[in-house]
Amino acid sequence: ASKQQLFRAPLHPYTEALLAAAPKPDPERKKVHRVVLAGDVPSPSNPPSGCRFNTRCPLATARCRTEDPVLRELGQGRAAACHLVDG
């Protein structure tokens with residue numbers, strides 16, 4: 001995705017959670033919904049089975065824990081590897 005698309009409408013739930021955790025530089029801006037990431041940070045040297053982010057993704061399902069998602073093109077230069085993103 002372009003930078004603008006990624007920040008405006010992230011497709012992967014983990015990306016959305018990471019963006020929600022970033023502080024907003026505008027003190028006048030009203031509070032926004034924050035996604036709290038719980039669970040273990042996935043190890044890059046020993047990643048979990050299934051989706052690499054399933055240990056912290058707030059929307060992870062049983063399928064996410066067992067089946068590796070395939071990177072799919074979603075149009076307009078966007079792609080996501082997530083079982084929960086419609087393609």
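Is Asn54 buried or exposed? Asn54 is buried, at a relative accessible area of 10%. The legends below place this residue and others in context.

This is a predicted model, in which local features need pLDDT of at least 70, side-chain atom pairs count only at pLDDT 80 or more, and totals for chains, interfaces and linings use all residues. Residues are numbered from 1 along each chain as its sequence is written, and side-chain values use heavy atoms, with hydrogens and water left out.

**Figure 1. Overview of the fold.** The protein has three helices and two strands. From the N terminus on, the order is α-α-α-β-β. Helices (H or I, at least four residues) and strands (E, at least two) are DSSP runs, numbered from the N terminus. Of the 87 residues, 26% are buried. Buried means under 20% relative accessible area, exposed over 50%, and partly exposed in between (1.4 Å probe, protein chains only). Among contacts with a separation of 6 or more, 24% join residues 24 or more positions apart. A contact is heavy atoms within 4.5 Å.

**Figure 2. The buried face of helix H2.** Pro13, Tyr14, Ala17 and Ala20 are the buried residues of H2. Viewed down the helix axis, they fall within an arc of 125°, so they line one face of H2. The arc is taken over the directions from the helix axis to the C-beta atoms.

**Figure 3. The aromatic pair Tyr14 and Phe53.** One aromatic pair turns up in a search of the whole structure. Tyr14 and Phe53 are stacked, with 4.6 Å centre to centre and 25° between the planes. The pair links distant parts of the chain: Tyr14 sits in H2 (residues 13–21), Phe53 in the loop between H2 and helix H3 (62–66), 39 residues apart. Rings of Phe, Tyr and Trp (its six-membered ring) pair if their centres lie within 6.5 Å; planes under 30 degrees apart count as stacked, over 60 as edge-to-face, and the rest as tilted. Phe53 is partly exposed, at 33%.

**Figure 4. Surroundings of Asn54.** Asn54 belongs to the loop between H2 and H3. A polar atom of the Asn54 side chain lies 2.8 Å from the backbone oxygen of Cys51. A polar contact is a pair of N or O atoms within 3.5 Å; within protein, one must be able to donate a hydrogen and the other to accept it, and residues adjacent in sequence count only if both atoms are side-chain atoms. Not counting residues up to four places away in sequence, Asn54 touches Pro48, Ser49, Ala60, Cys64 and Arg65.

Figure 5. Cys57 is found in the loop between H2 and H3. Cys57 counts as buried, at 12% relative accessibility. Which residues does Cys57 contact, leaving aside its neighbours within four places in sequence? They are Pro13 and Tyr14. Cys57 and His12 are 45 residues apart in sequence, yet 9.3 Å apart in space, C-alpha to C-alpha.

**Figure 6. Cysteines without a disulfide.** The disulfide count is zero. The rule asks for a pair of cysteine sulfur atoms within 2.5 Å. Cys82 is in no disulfide either; its nearest cysteine sulfur, that of Cys64, is 6.1 Å away. Cys64 is buried, at 6% relative accessibility. Cys82 is buried, at 6% relative accessibility.

**Figure 7. The salt bridges.** How many salt bridges are counted? The count is two. A salt bridge is a side-chain nitrogen of Lys or Arg within 4 Å of a carboxyl oxygen of Asp or Glu. Asp68 and Arg52 form one of them, at 3.6 Å, N to O. Asp68 lies in the loop between H3 and strand S1 (72–75) and Arg52 in the loop between H2 and H3, so the pair ties together parts 16 residues apart in sequence. Asp68 is partly exposed, at 44% relative accessible area. Arg52 is partly exposed, at 35% relative accessibility. Arg63 forms a salt bridge with Glu67, with the closest N and O atoms 3.2 Å apart. Arg63 is partly exposed, at 42%, and Glu67 is partly exposed, at 37%.
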